[in-house]
Amino acid sequence: MAQPGRPPAASGHSSQNGAGGERYSNGPVQNSLMHSSQMLDGQGFSSTVPGLYSPQIPTKVPVHPSSGQYNFGGSQNVSPLSNQGSGQTLNRPPVGPISMAPLQHASSVSQMLPPSQNSAAIPSSSSSFVPGAYPPALSNWQYGQTPMSQPTGSQTNHFAHVAGTLSTQPLSSSGSTNPATSYQYTVSPGGPPLQNSYMKPGSVPPPVNRPLASAFPPARPPLGPPPAGGPPLVRPSATPVGPPNSNLPQPLLNSATNQEAGDATAAASDGSLVQNSYDAIEGGGFMATTYPSPAPQNLKMGRNVGYSYPTLPPGYQNSSSPGAPGMQSSPLQYPAGPQPFPQPALGTNHITGSMGGLSLQPEGLRSINLLQERNILPTTPLQAPIPNLHEEIQKLNCNPELFRCTLTNIPQTQALLNKAKLPLGLLLHPFKDLSQLPVVTSSTIVRCRSCRTYINPFVSFLDQRRWKCNLCYRVNDVPEEFMYNPVTRVYGEPHKRPEVQNATIEFMAPSEYMLRPPQPPVYLFVFDVSHNAIETGYLNTVCKTLLDNLDLLPGNTRTKIGFITFDSTIHFYSLQEGLSQPQMLIVSDIEDVFIPMPENLLVNLNENKELIQDLLRTLPQMFTKSLETQSALGPALQAAFKLMSPTGGRISVFQTQLPSVGVGSLKSREEPNQRASAKDIHLTPSTDFYKKLALDCSGQQVAVDLFLLSGQYSDLASLGCISRYSAGSVYYYQSYHHQHNPVQVEKLQKELKRYLTRKIGFEAVMRIRCTKGLSIHTFHGNFFVRSTDLLSLPNVNPDAGYAVQMSVEESLTDMPVVSFQSALLYTSSKGERRIRVHTMCLPVVTTLNDVYLGADVQAITGLLANMAVDRSVSASLSDARDALVNAVIDSLSAYRSSVLSIQQPGLMAPYSLRLFPLHVLALLKQKAFQTGTNIRLDERIFTMCQVKNQPLIFLMLMTHPNLYRVDNLTDEGALNINDRTIPQPPILQLSVEKLSRDGAYLMDAGSVMFMWIGKNCGQNFISQVLGVPSYVSIPQNMTHLPELETAESTRTIAFISWLREQRPFFPILYIIRDESPLKSSFLQNMIEDRTESALSYYEFLLHIQQQVNK
Ligand SMILES: [Zn+2]
């Protein structure tokens, strides 16, 4: 196994949990961060913890005998062999025996093989499928495994715990002497001390952490009047604006995260109370009402109370809500005693294990012999499994498009999860465009006083005055305001409030959720205008699209906009009111960039629209004669950052080549001859410049979106960091040229329009909470993890997906269900502070069979893909590929040995996982992970970016495309949308066997579509749809269907348009004949077929079977 060339410290768990340099803050601490080795190392794709690739990379992790890190069985120590990192030790951990002990139930399905039999699975594989066979890498894929089990005493700072309880926590001086105490999972002020392990014994609840009054925009020293003369400008003598080293007052919003940033001792020793940033706000935001403390919470008791009302203490008086004065004398009459609220009991624990899933998926109980059943691909898009909950509860559950779990039956223990060999995690699309979204404007946002969970459909009402949190089980009071339901206008039905009836809801946040007034929308565009860039002709397209959509930019009267162009120098544009035309200011000192006349460079869009339009019209012509080939991208980004830092906002960068001068300049690292190899390709950034700048941006609420339009290697691995850590997006237009590649022009136009006009959230943070006992430990997506589990999203857009990995930290005994809640706090383009909350509820199961029954194969594949990107970057592509294959082998082996009572020949899979080998094979053939092909490095990296940043639905489409026959479309089963009839042809298996020479087929691979026309395709289709007389007259590079007045044409175009409309990117349609040079790309996506470098699906199954049956 290749040793990644990075120091072990990079992934040491001490840095992960300690108060080391991972967390980011602004202000003085920022600088020490910048020089911390952890930060410099962590430029990969993993966002496990800032600065880390992944916590589960044994070869890089210092061996820590007591850490339990390599364990599969929770507490079992792995033999030292597995840590030696030599590729020859093939010790795959035993499947069964370790995890038997914790499983107390006597289920008949969990038949474990005796150890001796299991050990048969351990010996090395002599398979020829994957070179290097099974390195100890396997143990890296500890699905859901807690990254590090610590001694109990130090659990307070296990970051996985935080999902529930990290609330406002200014440092108390008592606990600041070592890193472990820098997080204090203390309860809210005034609240009872929690009797649980979150709280370090003896720590003092912190004082109330009030949001500071606003100070926005932050005061900055003016930089003097704009120079009257032409460029180059003389540098103003005033202090430079906002570099990290500046001693100027930082914007208020950033002043607060000291205690999160690692300098805990210093922060506390001087006794200063440190103001929290948005962390505090999302975690905080207490209701204005102060509630007297109830009796100390006993969590054990809380659990036993369960969900059903009959277990309530008898004779409960609903008017006796302790310490809620004034509530006794409610004017309304309602019966005393426990209220029979029409809330069904949660959970399925009364259903026996083998019955699980029965009501919903009868076929789900089947085992499938994959070698025999070849037609397993559904002909309609695969739906997410429906959690096996009571109908009334499931009806309220979150839409799986927004929130999805890899296992819809949550294993009760980590041991059970380990046995299943499946990853436990969540896939989120939290800001998806929704046609219906309930918005609550009430000033009282009801949240659990202990863990800050928002009230949701899965809490239980003990009565009208008390509700029990479904994440931490604390009993909370129902505030008086919540008694009135604005929807039904009825008093006394808190359980019918919209917050309790909708798993997805948005709150208008009151001022407690703000540290400063909501920022205005600010958009800064940064254009590469070097000779190379002008050659591509992109500037025309971009300026025109921007002109066309200027009025559609999300915003209000406060919207600001600005422009920077650059080649070897940086050009600013003054759009000052009163100017007759935009004024260009050139700064040629790229070593120490400064901002000339900052007040006129970002201007109000409405008030200066004419000047802005003027600039957009002239910009494309301004540089047509430029011979400047150099690119000072780094300095231009620095300038953009300085310009944006006072407010925050969005930077859109357009780049066409490798940056060549100034900071951040890069050298080509691609060796075209090496493309096919899985080894020695440069997936890691070559400089930390872009990541560091991204973190600076993140700290100032600035996100950077990168549009890379390049025909040559541009080191996207390095450049992409600017977007990844600032929560931006990456767009890549390979070989963009307005004449040579006209189809890219349309793609850019369409995607840019979507980009410019889509919803945007500013200064956002997201936190995911889950029921106590579960813990979240690894995050995937574009963001920066601030303060342990708070995702910092300077911008949030509706097209971004996220994933997290989880583990079962404490047994979920007696819990019929668990819940997950994501809360996204953001500023809308209209300047409102809003919180979008999604809550999902899932049943807990105790048998392996049930875990498999609830497996969501798409979510599993999506999470594995995210993990494989991390693995490719931190170890190697072949490691990642091995791990993907092992994921299939391990889970099917576990199923065979532990669930199937009769050993059958063939390759048996639970019905839920029947597509698992196919999906994994598709991943192996996907551009991110494929080997043996001539894929460009930037293209591979871009695909990896997409894996990380796309919602699951699109990730699946780009992994396993949909194939349809389209020469015989009918209206049978068609959709009818807005008077349009949209045919719904069946989805076909991805194999040339399914192609007929007399047909035409559409392959939808997400961002690209191929329409393959068979040699003997019917004349009708060719003339009525393609509009050409014969097969031979189909043009080589046809990319559009003519709109013909024929039923066939209408149907085909309606279908393709409908497919396109449902995604935020614009797939190019290539219409190809059998002789087309693009045919190889089409065939490359035929996942089930053998290619020169990859196995066919059937061969892959045989390989898996061979391993499983060992
Ligand atoms: Zn709670």
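**Reading the descriptions**

Modeller: In this predicted model, helix α21 (residues 857-874) packs with helix α25 (residues 952-959) at an angle of about 80°, and their axes are 10 Å apart. That angle makes α21 roughly perpendicular to α25, because angles of 65 to 115 degrees count as roughly perpendicular.

Colleague: Which residues of α21 and α25 meet?

Modeller: From α21 the residues are Gln858, Ala859, Thr861, Gly862 and Ala865, and they meet Leu952, Leu955 and Met956 in α25. The term rests on a distance, since contact means heavy atoms within 4.5 Å.

Colleague: Why are α13 and α19 called oblique to each other?

Modeller: The axes of helix α13 (residues 538-549) and helix α19 (residues 742-757) come within 10 Å and cross at roughly 40°. Angles under 35 degrees would count as roughly parallel, and 65 to 115 as roughly perpendicular, and α13 and α19 are therefore oblique. The crossing in which α13 passes α19 is right-handed. On the α13 side the residues in contact are Thr541, Val542, Thr545, Leu546 and Asn549, which meet a set in α19 including Val745, Leu748, Leu752 and Leu756.

Colleague: What makes the arrangement around the zinc ion tetrahedral?

Modeller: The zinc ion is coordinated by the SG atoms of Cys448, Cys451, Cys469 and Cys472, at 2.2 to 2.3 Å, and a donor has to lie within 2.8 Å of such a metal. The 4 donor atoms subtend angles of 98 to 117°, and four donors count as tetrahedral if all angles lie between 85 and 135 degrees, so the arrangement around the zinc ion is tetrahedral.

Colleague: Where along the chain do the donors of the zinc ion sit?

Modeller: Their spacing along the chain is C-x2-C-x17-C-x2-C.

Colleague: Are cysteine 448 and cysteine 472 buried or exposed?

Modeller: Buried means under 20% relative accessible area, and cysteine 448, with 0%, is therefore buried, while cysteine 472 counts as buried at 7% relative accessibility. Tyrosine 473 is likewise found in the loop between β7 and β8, and at 4% relative accessibility tyrosine 473 counts as buried.

Colleague: What is phi of tyrosine 473?

Modeller: Phi of tyrosine 473 is near 75°, a positive value in a residue other than glycine. Most residues other than glycine have a negative phi. Lysine 421 also has a positive phi, of about 55°, although it is not a glycine. Lysine 421 lies in the loop between α10 (414-420) and β4 (425-428), and at 5% relative accessibility lysine 421 counts as buried. A further positive phi, near 65°, belongs to glutamine 701, which follows α16.

Colleague: Why is helix α16 described as largely enclosed by the rest of the structure?

Modeller: Helix α16 (residues 689-699) has 11 residues, 10 of which are buried, so it is largely enclosed by the rest of the structure. Among the buried residues of α16 are Phe689, Tyr690, Lys691, Leu693 and Asp696.

Colleague: How do you know that leucine 605 is buried?

Modeller: Leucine 605 has a relative accessible area of 5%, and the cut-off for buried is under 20%, so leucine 605 is buried. Its place is in the loop between β16 (603-604) and α14 (609-622). Not counting residues up to four places away in sequence, leucine 605 touches Leu550, Leu553, Thr559, Lys560, Ile561 and Ile612.

Colleague: How far apart in sequence and in space are glutamine 414 and glutamate 810?

Modeller: Glutamine 414 and glutamate 810 are 396 residues apart in sequence and 7.6 Å apart in space, C-alpha to C-alpha. Glutamine 414 is in helix α10, and at 10% relative accessibility glutamine 414 counts as buried.

Colleague: What percentage of the 1110 residues in the protein do buried residues make up?

Modeller: Buried residues make up 65% of the 1110 residues, and the secondary structure of the protein comes to 29 helices and 33 strands. Of the contacts with a separation of 6 or more, 77% are accounted for by residues 24 or more positions apart.

How values were computed
Residues are numbered from 1 along each chain as its sequence is written. This is a predicted model: local features need pLDDT of at least 70, side-chain atom pairs count only at pLDDT 80 or more; totals for chains, interfaces and linings use all residues. Side-chain values use heavy atoms; hydrogens and water are left out. Donors are N, O and S atoms within 2.8 Å of the metal (3.2 Å for Na, K and Ca); water is not among the atoms, so sites may look incomplete. Four donors count as tetrahedral if all angles lie between 85 and 135 degrees; four count as square planar and six as octahedral if opposite donors are over 155 degrees apart and all others between 65 and 115; anything else is irregular. Buried means under 20% relative accessible area, exposed over 50%, partly exposed in between (1.4 Å probe, protein chains only). Axes are lines fitted to C-alpha atoms, for helices over the stretch in contact, and angles run from 0 to 180 degrees between N-to-C directions. Helices (H or I, at least four residues) and strands (E, at least two) are DSSP runs, numbered from the N terminus. Angles under 35 degrees count as roughly parallel, over 145 as roughly antiparallel, 65 to 115 as roughly perpendicular and the rest as oblique. A crossing is left-handed if the near helix is turned anticlockwise from the far one by less than a right angle, and right-handed if clockwise.
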